[in-house]
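My entries follow the structure.

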Amino acid sequence: MIAHLMCMPVSPAYRPDPHVQDLGPVFFDPVSAADFPMTFLRFRNDRAAASVGLDTLTDDEWTAHFGRFEPLPGQPPQPLAMRYHGHQFRAYNPDLGDGRGFTFAQLREAGTGRLLELGTKGSGQTPWSRAGDGRLTLKGGVREVLATAMLEALGVPTSRSFSLVETGEQLVRGDEPSPTRSSVLVRLSHSHIRFGTFQRQAYLQDAPAITRLVDHVVELYYPELVGAADKGAGLLEAVAARAARLTARWMAAGFVHGVLNTDNMNITGESFDYGPYRFLPHNDPNFTAAYFDTAGLYSFGRQPEAVFWNLQQLAGCLAQVADQDALIAALNGFGPAYRQELAGALLNRLGLQRDEEAKEVAFANATFRAIAEGGERLRWEPFFFDWFCGDEGRALAGLRGDIYAGEAFADFREQIKGFQPERPERLADSYFAAPEPQELLIDEIEAIWSEIADRDDWSAFHAKLAAIEAARTAWALS
């Protein structure tokens, strides 16, 4: 049964369209949200809410739906915890699933008609919680809100933090000071169907379920493949292309996800689930985000390798229903696609127009060499800020001009002259008159959290989000 549309006033842009339940009960478990002792709204993303017609909710209505999880109009009366498996640091784990989250609603995006969904993190225990409490620390929620805001501003395909509600519990964690405050986060994403969703059905050798999942994904997210002779191979090719774009955008943003397990990659090519992430302070291929990644498996420079390995696992699942030669061909397309996407991502970050492929690839190589030559004196984000729209005069006159004037940057300086600026009027924004850009390094995140933890002072958190939003509108990245 679907909740009736007249349960509350809704915007004309609100278009519920739930489909997860169409997959059938082998893919999910109906669950209930935890009964939290408190629901205190800490963050609501009104820009994201407007895109799905939910910006008209009052704060009380918002908290009822995204803190106590009263069903939204036109949505199933009970949330669904998805079942999946996954490789965690390349060790297979068949005991996974949504352990502290669920799919709460699916709805259409205003303007584009894309199917989006609202999913949770920290909403309580499910059959897949194992020994966990199903909760999210408030610090974890704050960190994810900041991460998604910054990544969206930098042009990275990402889930958007939709809501953060403090829930009034004291949580104990082994890797941070405890007890600590609790929260529930709601994300707005294109899809929460993971590589691990396919892995579970492959592990169970349920080829009909894999076929049903392929058909579901194609119909809702890749409709151009509906008539394909081999939907499985076509789907892998399309997912690999999206993954190449995502990985390239991470690299251009200097972002380290930290935990690139197969259950943390979805079929629509969006980044999501931000645990021990980091943004690079300066170029370092060996930089890791997770303290427990002692082998550097998911270090900055190894992220393309990690994503390709995950795609291979997805291909192994699809081999039960698709032609193996076609799957291999789809996998072989990842490398060339990634190289093209990386060149495009760097040009996008630098505010430059696209050009012919060989020229772009040479420039991408020159860019990485130059950043590396800058060493620890050159932070990652200021490099892109200084050289935005290829303005050499502005870069040389700035705080890091002495670095850029050196011989190590000679090749970069020469090659960047061969690219035309894209929308150079963006440089007129006041953002580019500042000496430094917005960054999101770990020390600043910790300082923001300390103000919240020590004094319940949220001013630095909201000021940072406002500053990131100003950067997003100034960059106006495609």
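Below are my entries, topic by topic.

**Ground rules.** I worked on a predicted model, where local features need pLDDT of at least 70, side-chain atom pairs count only at pLDDT 80 or more, and totals for chains, interfaces and linings use all residues. Residues are numbered from 1 along each chain as its sequence is written, and side-chain values use heavy atoms, with hydrogens and water left out.

**Aromatic pairs.** I paired rings of Phe, Tyr and Trp (its six-membered ring) with centres within 6.5 Å; planes under 30 degrees apart are stacked, over 60 edge-to-face, the rest tilted. The count came to 39 aromatic pairs. I looked up Phe-255 and Tyr-274 and found an edge-to-face pair, 5.9 Å centre to centre with 75 degrees between the planes. Phe-255 lies in strand β11 (residues 255-256) and Tyr-274 in the loop between β11 and β12 (278-279), so this pair ties together parts 19 residues apart in sequence. For elements I used DSSP runs numbered from the N terminus: helices (H or I) of at least four residues, strands (E) of at least two. Phe-255 is buried at 0% relative accessibility, and Tyr-274 is buried at 2%. My cut-offs here are under 20% relative accessible area for buried, over 50% for exposed and partly exposed in between, with a 1.4 Å probe and protein chains only.

Next I took Phe-383 and Tyr-404. Their ring centres are 6.4 Å apart and their planes at 65 degrees, so this pair is edge-to-face. Phe-383 is in helix α11 (residues 380-386) and Tyr-404 in helix α13 (residues 401-404), 21 residues apart. Phe-383 is buried at 0%, as is Tyr-404 at 0%. Both belong to a cluster linked by ring pairs, whose members include Trp-380, Trp-387 and Phe-419.

**Charges over rings.** I required NZ of Lys or CZ of Arg within 6 Å of the ring centre and within 35 degrees of the ring normal. The charged end of Lys-359 sits over the Phe-419 ring, 4.9 Å from its centre. Arg-394 has its charged end over the Phe-385 ring, 4.7 Å from the centre.

**Nonpolar cores.** I joined buried Ala, Val, Leu, Ile, Met, Phe, Trp, Tyr and Cys residues through side-chain atoms within 4.5 Å. Which residues have the most contacts inside the largest core? They are Phe-198, Leu-311, Phe-383, Phe-461 and Trp-475, in a core of 119 residues. Helix α6 (residues 231-253) gives the most to this core, with 14 residues. Apart from it lies another core of 25 residues, among them Trp-62 and Phe-102.

**Backbone.** Most residues other than glycine have a negative phi, and most peptide bonds are trans. I noted a cis peptide bond from Ser-178 to Pro-179, with omega near 0 degrees. Pro-179 is in the loop between β9 (160-171) and β10 (180-189). Gln-205 has a positive phi, near 55 degrees. Gln-205 is in the loop between α4 (195-203) and α5 (207-221). Is Gln-205 buried or exposed? Gln-205 is exposed, with a relative accessible area of 66%. Cys-389 also has a positive phi, about 65 degrees. Cys-389 is in the loop between α11 and α12 (392-397), and counts as buried at 7% relative accessibility.
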